Amino acid sequence: MSRSALDALVEALRRLPGVGPKSASRMAFHLLQHDQEGARLLARALDAALERVRHCRRCNTFTEHEVCETCLDPQRDATQLCVVETPADQAAVERTGSYKGLYFVLMGRLSPLDGIGPREIAMQRLFERATDGQVREVIVATNFTAEGEATAHVLAEGLKAQGLRVTRLARGVPVGSELEYVDLGTIAHALVDRR
């Protein structure tokens, strides 16, 4: 028995983080009943993003170009490399206005129970990027979750072995939080007070 188009839409919407069956149904009904043009716009935008967005060759964030604008900015401090878990975390750090270096986006964090190891988070690419001869300090800005802390520890050990100075965001960011949800002042202070 095949699923209906409505069931398929609800299931697709449930793939979004924090969206359960009721929310997914509500969104599907809203789009179909009240905002068909919005649904078409969403479909076109998703299709275009899937077609054009890729990973930056240098920092691994999302971009439509081979190298992202941040990596190409000559005003950025190429001696500092801030390692974050996601593009949303990178955006949160950027919004503080207190960091002027470059980034590397892991696109995840180590989680052996979920089958996420060093290969899945581009750890080797990070080590290659960090040892390019320009980077002097690597700021590990993974989230203060159990997986984020484990990732930070593994990264710090590997990067220190390469002769790099490794710092970590200060504990001003609450334990168990994710950067994209932390207020900008807290992130700014954590960057300034990093160890």
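Reply: Helix axes are lines fitted to C-alpha atoms over the stretch in contact, and angles run from 0 to 180 degrees between N-to-C directions. The model is predicted: local features need pLDDT of at least 70, side-chain atom pairs count only at pLDDT 80 or more, and totals for chains, interfaces and linings use all residues. Residues are numbered from 1 along each chain as its sequence is written, and side-chain values use heavy atoms, with hydrogens and water left out.

Me: Why is H5 called roughly perpendicular to H8?

Reply: H5 and helix H8 (residues 184–192) pack at about 85°, their axes lying 8 Å apart. Angles of 65 to 115 degrees count as roughly perpendicular (under 35 roughly parallel, over 145 roughly antiparallel, the rest oblique), so H5 is roughly perpendicular to H8.

Me: Which residues of H5 and H8 meet?

Reply: With contact meaning heavy atoms within 4.5 Å, Ala92, Val93, Arg95 and Thr96 in H5 meet Leu184, Ile187, Ala188 and Leu191 in H8.

Me: How do you know that E3 and E4 pair?

Reply: Pairing requires that DSSP find at least two bridges between two strands. Strand E3 (residues 77–84) and strand E4 (residues 101–105) share five bridges, in the parallel sense, and therefore they pair. Phe104 in E4 is the bridge partner of Val83.

Me: What makes the crossover from E3 to E4 right-handed?

Reply: The term applies if, with the strands pointing away from the viewer, the path from the first strand over the helix to the second runs clockwise. The chain passes from E3 through helix H5 (residues 87–96) to E4, and this β-α-β crossover is right-handed.

Technical notes. Helices (H or I, at least four residues) and strands (E, at least two) are DSSP runs, numbered from the N terminus.
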